[in-house]
Amino acid sequence: PFGEVSTYLRLPAGERRLTITPANGDTPLIAETVTVAPDTPYTVAVTGEVGAEADRPPAPLVLNDADDSGDDTVAIRLVHAAPDAPPVNAVLVDDGQPAFFPVAYGEVDAVFAMIVENPIQIRTAEGDPIGEFSVDATYGDLVTLFATGYRTPDDEPGQEAFDLLSV
């Protein structure tokens, strides 16, 4: 279901066929070949929309989860997967400083931060607030923040409101 995250699966290195099918369907949304490096963790997410009114077709986003943040920082990635949102920034609420450059739909930006617990406000690149979210992490972690859902769910193919999913 939307917003759900599975556990990691172990796959042998090499080219692998990635097929993603809706839980209640038989026709794959995505069928592509991806290359898996040895001993490398990945996150695979599906971005886009499904349905007759969809403006953005489903697409896989494969993220390398190898992390070299060290024990005194947290590696944080922001993935923009909210189909109707313009480019977004994440701003640290405590000091108002942008934590990321503007991230457009389907793009990813990463930073190494000295924070473990800090509220983050998601704003449009122009500075208009979209929402405020808590991020909890442990030093040495890699945290991926997925901006998901819709800013205006009533006008879109899906009904999921904008959210920040922390993985």
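In the predicted model, Arg77 is placed in strand E5, which covers residues 74-80. The relative accessible area of Arg77 is 7%, and because this value falls under the 20% cut-off, the residue is classed as buried. The side chain of Arg77 takes part in a polar contact of 2.5 Å with the side chain of Asp65, and a polar contact of 2.8 Å links the Arg77 side chain to that of Thr144. When residues up to four places away in sequence are left aside, Arg77 touches Asp65 and Thr144 together with Thr43, Leu63, Asn64, Phe100, Val108, Asp109, Ala110, Leu142, Val143 and Leu145.

Of the contacts between residues at least 6 apart in sequence, 51% join residues that are at least 24 apart.

With regard to overall dimensions, the C-alpha trace spans about 50 × 45 × 20 Å along its principal axes. The radius of gyration is 17 Å, which agrees with the value near 15 Å that a compact globule of 167 residues would have. Of these 167 residues, 34% count as buried, Arg77 being one of the buried residues. The chain exposes about 9800 Å², of which 50% is supplied by carbon and sulfur atoms.

Note on methods. Residues numbered from 1 in each chain as written. Predicted model: local features only at pLDDT ≥ 70, side-chain atom pairs only at ≥ 80, totals over all residues. Heavy atoms only, no water. Rg over C-alpha atoms; globule rule 2.2 N^0.38 Å. Buried < 20%, exposed > 50% of the residue type's maximum accessible area, 1.4 Å probe, protein only. Contact = heavy atoms within 4.5 Å. Areas by Shrake-Rupley, 256 points an atom, 1.4 Å probe, with all protein chains shown as cover. Helix = DSSP H or I, 4+ residues; strand = E, 2+ residues; numbered from the N terminus. Polar contact = N/O pair within 3.5 Å; in protein donor to acceptor, adjacent residues only side chain to side chain.
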